[in-house]
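Subject: Structure handover

Hi,

Here is the structure I promised to pass on. Please open it alongside this note, which goes through the findings one by one.

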Amino acid sequence: GDRRRSENGGVDADGVLGDIQIPNGSGSLLIFNAANQLVDQVRYNDEAPWPRREAGQSLELTSPRADNSNGAVWRAGSDRYGDGGEGTPGR
């Protein structure tokens, strides 16, 4: 993996997750700890109550305490970085 700004859309990555692809429309993201135990997951969609987003926009949870399975507590990222990216790099 590569953490360099030139390889990551203008962001210096804090870490490398390996070969990961997250579809833009709908999908799932499951996070496991080093003991291979599921510690968090989110299944997202591109239909209400999930926020509408444009190409290059990521989603961000409005509060770390919010129920991440509820699309209404997510919003489209707005911090600009790199070539057309919008999201929350480094946060």
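First, a term for what follows: a residue is buried under 20% relative accessible area, exposed over 50%, and partly exposed in between (1.4 Å probe, protein chains only). This is a predicted model, in which local features need pLDDT of at least 70, side-chain atom pairs count only at pLDDT 80 or more, and totals for chains, interfaces and linings use all residues. Residues are numbered from 1 along each chain as its sequence is written, and side-chain values use heavy atoms, with hydrogens and water left out.

**Overall layout**

The protein has 0 helices and 6 strands. Both are DSSP runs numbered from the N terminus: helices are H or I with at least four residues, strands are E with at least two. Along the sequence the pattern reads β-β-β-β-β-β. Of the 91 residues, 20% are buried. Areas come from the Shrake-Rupley method with a 1.4 Å probe; for residues, only the protein chains shown count as cover. A contact means heavy atoms within 4.5 Å. Among contacts with a separation of 6 or more, 21% join residues 24 or more positions apart.

**Core**

Which residues form the largest nonpolar core? Val 42, Tyr 44, Trp 50, Leu 59, Val 73 and Trp 74 do. Such a core is a set of buried Ala, Val, Leu, Ile, Met, Phe, Trp, Tyr and Cys residues joined through side-chain atoms within 4.5 Å. In soluble globular proteins, nonpolar side chains tend to be buried together. Leaving aside residues up to four places away in sequence, Trp 74 touches Val 42, Trp 50, Pro 51, Leu 59, Glu 60, Leu 61, Thr 62 and Asn 68. Ser 63 sits in the loop between strand 3 and strand 4 (74–76). Ser 63 counts as buried because its relative accessibility is 19%.

**Salt bridge**

The structure holds 1 salt bridge. The term means a side-chain nitrogen of Lys or Arg within 4 Å of a carboxyl oxygen of Asp or Glu. Here the side chains of Glu 60 and Arg 75 meet (2.7 Å, N to O). The pair links distant parts of the chain: Glu 60 is in strand 3, Arg 75 is in strand 4, and they are 15 residues apart. Strand 3 covers residues 59–61. Is Glu 60 buried or exposed? Glu 60 is at 10% relative accessibility, so it counts as buried. Arg 75, at 43% relative accessible area, is partly exposed.

**Surface patch**

Leu 30, Phe 32 and Leu 38 make a nonpolar surface patch of about 260 Å². Patches use residues with over 30% relative accessible area and no salt bridge; like charges are joined within 9 Å, nonpolar side chains (Val, Leu, Ile, Met, Phe, Trp, Tyr) within 5 Å. Leu 38 belongs to strand 2 (residues 38–44). Leu 38 is partly exposed, at 42% relative accessibility.

**Backbone**

Most residues other than glycine have a negative phi, and most peptide bonds are trans. Asn 36 has a positive phi, near 65 degrees. Asn 36 lies in the loop between strand 1 (27–32) and strand 2. With 59% relative accessible area, Asn 36 is exposed. The peptide bond from Ala 48 to Pro 49 is cis, with omega near 15 degrees. Pro 49 is in the loop between strand 2 and strand 3.

Best wishes
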